[in-house]
Amino acid sequence: WKAPVAGIWSNASNWELLHVPNSGEIATFDPTKSNLNCTIDVPPNIAGLEMKSAYTGTITQNAGQTAAIGSSGFIIASGTFNSNASITVNGGVQLNGGTLILGSAAHTVSGNWINNGATVTAGASAVTFNAAPGAAITIQPGTINADFNNVTFTNAGGAQTTYNLSSAVGQQFTARGNLVISGSAQLNNAS
C-alpha cells in the first residue's frame, strides 16, 4: 500500500507493484510507504495481509466484500481493521497490536489465533475455527477486550483436530454467544 491519499483497494495505483494484490501476494500496509486509510471495495483474494508496526491507518472492509486470505495469514501489529464482511483465513491470525473489529459477519480461521496485545471487538460476529484433520491449533485470545461472540470449533473430517486454549495469566477464552463443538474437534486448556 503506497497510496498518497486515503483510497480504495481496487485502485492499482495505490499499490507499490501497480496492481491489486493477488492470491500469490501479501497485501502489506507499511508506514514507511503510506500511513493512509484503505477501503476494501472489491473481494480480495490474497496470500496474506500484514499491517506492520507503526501503521496508523484504518482498513475498512465494505459490506459484501468477502476476503479470502491464504496460508501467509492475517497479521496486525498496528492500525485498525474494521470488518463489515466475512473473512476466511487459510492460515493463522497473529495480533501483536492495533485493533480488529469483527462486525457482524461470519469468519473462518484454519490456523492459530494468537493475540499478543490487540484490541478485538467481537460485535455480533461468528468465528469458526476449522483446522485440518490431525492438526493441533493454539487459541490465545489476549487480555484487552478479546472476547469472542459466537464460536464454532470443527474440522474438515478425518482425524481429530485438537484446539489448545491458552490459560496464560490474564487470558481467558470467552464466547459471549453460542459455543459449538462439532466433528472430530477436541478442546484443551493449555498453559
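The model is predicted: local features need pLDDT of at least 70, side-chain atom pairs count only at pLDDT 80 or more, and totals for chains, interfaces and linings use all residues. Residues are numbered from 1 along each chain as its sequence is written, and side-chain values use heavy atoms, with hydrogens and water left out.

**Exercise 1. State how many helices and strands the chain has, and how its radius of gyration relates to the globule rule.**

Step 1. Helices (H or I, at least four residues) and strands (E, at least two) are DSSP runs, numbered from the N terminus. The chain has zero helices and 19 strands.

Step 2. The radius of gyration is taken over C-alpha atoms, and the globule rule is 2.2 Å times the number of residues to the power 0.38. The chain's radius of gyration is 16 Å, close to the 16 Å from the rule for 191 residues, so the chain is as compact as a globular protein of that length.

Step 3. The C-alpha trace spans about 45 × 35 × 25 Å along its principal axes.

**Exercise 2. Find which strands pair with β15, and in which sense.**

Step 1. Two strands pair if DSSP finds at least two bridges between them.

Step 2. Strand β12 (residues 113-115) pairs with β15 (residues 136-140) in the parallel sense over two bridges. Here W113 stands opposite I139.

Step 3. Strand β17 (residues 161-166) also runs parallel to β15, joined to β15 by four bridges. In this pair A136 stands opposite T162.

**Exercise 3. Describe the largest nonpolar core and the contacts of F81.**

Step 1. A nonpolar core is a set of buried Ala, Val, Leu, Ile, Met, Phe, Trp, Tyr and Cys residues joined through side-chain atoms within 4.5 Å. Buried means under 20% relative accessible area (1.4 Å probe, protein chains only).

Step 2. The largest such core has 41 residues, and F29, L49, F74, F81, W113 and F129 have the most contacts inside it. Strand β6 (residues 67-76) gives the most to this core, with four residues.

Step 3. Contact means heavy atoms within 4.5 Å. Beyond neighbours within four places in sequence, F81 is in contact with residues including I40, L49, M51, F74 and L100.

**Exercise 4. Locate F148 and decide whether F148 is buried or exposed.**

Step 1. F148 lies in the loop between β15 and β16 (150-155).

Step 2. Its relative accessible area is 1%, so F148 is buried.

Step 3. Not counting residues up to four places away in sequence, F148 touches, among others, W113, V127, F129 and F173. V127 is 21 residues from F148 in sequence and 7.6 Å away in space, C-alpha to C-alpha.

Methods
Buried means under 20% relative accessible area, exposed over 50%, partly exposed in between (1.4 Å probe, protein chains only).
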